[in-house]
Amino acid sequence: MIVDWISGAFLALGAFLSIIGGIGLHRMPDFYCRLHAVGVTDTLCSFLILCGLSFQAGLSLVSAKLFFIFLFLFFTSPTSSFSLGHNAWKWGLNPKGVKEHAPTVKIKVTE
Amino acid sequence: MMHYFSLASLLMILWLLLSGHYNPLMIGFGVVSVLITLLLSHRMRVIDEESHPVHLTGDLFKYWAVLVYKIFQANIDVVLRIIGVRPIEPQLIRIPFPQQDDLSKVIYANSITLTPGSASIEIYPDSVLVHTISKEGAQALIEGELADIFPIQQDEHNGKQS
């Protein structure tokens, strides 16, 4: 009974974050900022939903498989984000708030 | 040898968890599959400390635990910026890598991308170009938010790869 409530709370929070991520996708000013909004759905939202689902499954093989999904997401989602951002940068998409064109932009180098 | 053992045990655990049948026949199939996979990986020469960083397993798990906490914090920050409580101020900064070998670079750039609010968009030989959503996030990264907790590699591995 109490486990149902805990898993329900996790699932509801995850669904809420997913909606927030969708709103952010529309509200953000440019491509790179939208990447950050998607980051919310990629990380905490999916973690919470998987956590809620594994509470439903209990200690079983299903939980182990959910954990594998978590691991795959943990390693693949930054790769896809990097691929998107890197290609946009390579093809000269200028981030808002930075004056010059992307590949020749003067950037602050921290030593 | 250590790497072969690590790969074999990982594959066997994976087989046992995914199959769910524990009779001798199925486990025998598992052992055969693991041996074939080991043979193929050996012939492809993909088993080394880069694909199986056994020397930093403990440190890596500690690092991931801290990283999950950082991801949690960053998520709250980005959610607040999405719904308009905090302002959106995109920044572009360049951060040096804490360590110079390929594995550390991958882990570092991936961690930056995994944290919402900052994404690595270009890799240079000695540094990474990062797009952050806020001034505070950029400042925290410059001051070494992730670099401070980064697992330190042993000298022998640094020397071998650089």
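How many residues lie between β2(B) and β3(B) in the hairpin that they form? There are three residues between these strands. Helices (H or I, at least four residues) and strands (E, at least two) are DSSP runs here, numbered from the N terminus.

Good morning, colleagues. Please note that this is a predicted model, in which local features need pLDDT of at least 70, side-chain atom pairs count only at pLDDT 80 or more, and totals for chains, interfaces and linings use all residues. Residues are numbered from 1 along each chain as its sequence is written, while chains are lettered from A and ligands numbered from 1 in the order in which they are written.

I shall begin with the strands of chain B. β2(B) and β3(B) pair in the antiparallel sense over five bridges, with Ser120(B) opposite Val130(B) of β3(B). Two strands pair if DSSP finds at least two bridges between them. β3(B) also pairs with β1(B), again antiparallel, over six bridges; here Gln91(B) stands opposite Thr132(B).

Next, burial. A residue is buried if 20 or more other C-beta atoms lie within 10 Å of its own, exposed if 12 or fewer, and partly exposed in between, with C-beta atoms placed from the backbone. In β3(B), five of the six residues are buried. In β2(B), five of the six residues are likewise buried.

Helix α5 of chain B, residues 135–142, has Gly137(B), Ala138(B) and Leu141(B) buried. These residues lie on the same side of α5(B) because they cover an arc of only 100° around the axis, the arc being that of the directions from the helix axis to the C-beta atoms. The buried residues of α5(B) pack against β1, β2 and β3 of chain B. Just after this helix, Gly144(B) has a positive phi of about 95°.

Most residues other than glycine have a negative phi. Arg45(B) sits in the loop between α2 (24–44) and α3 of chain B, and counts as exposed because it has 7 C-beta neighbours inside 10 Å.

By an automatic or database domain assignment, chain B is divided into domain 1 (2–44) and domain 2 (57–149).

I turn now to the contact between the chains. Two residues are in contact if their C-beta atoms, placed from the backbone, lie within 7 Å. The contact takes 30 residues from chain B and 32 residues from chain A. On the chain B side, α3(B) gives the most, with six residues. By class, that side has 20 nonpolar, seven polar and three charged residues. Ala, Val, Leu, Ile, Met, Phe, Trp, Tyr, Cys and Pro count as nonpolar, Asp, Glu, Lys and Arg as charged, and the others, Gly among them, as polar.

Finally, the largest nonpolar core has 39 residues, of which Leu17(A), Val40(A), Leu44(A) and Val130(B) touch the most other members. Such a core is a set of buried Ala, Val, Leu, Ile, Met, Phe, Trp, Tyr and Cys residues joined through C-beta atoms within 7 Å. Helix α2 (residues 31–57) of chain A gives the most to this core, with ten residues. Not counting residues up to four places away in sequence, Val40(A) touches several residues, including Leu17(A), Ile20(A), Val78(B) and Val79(B).
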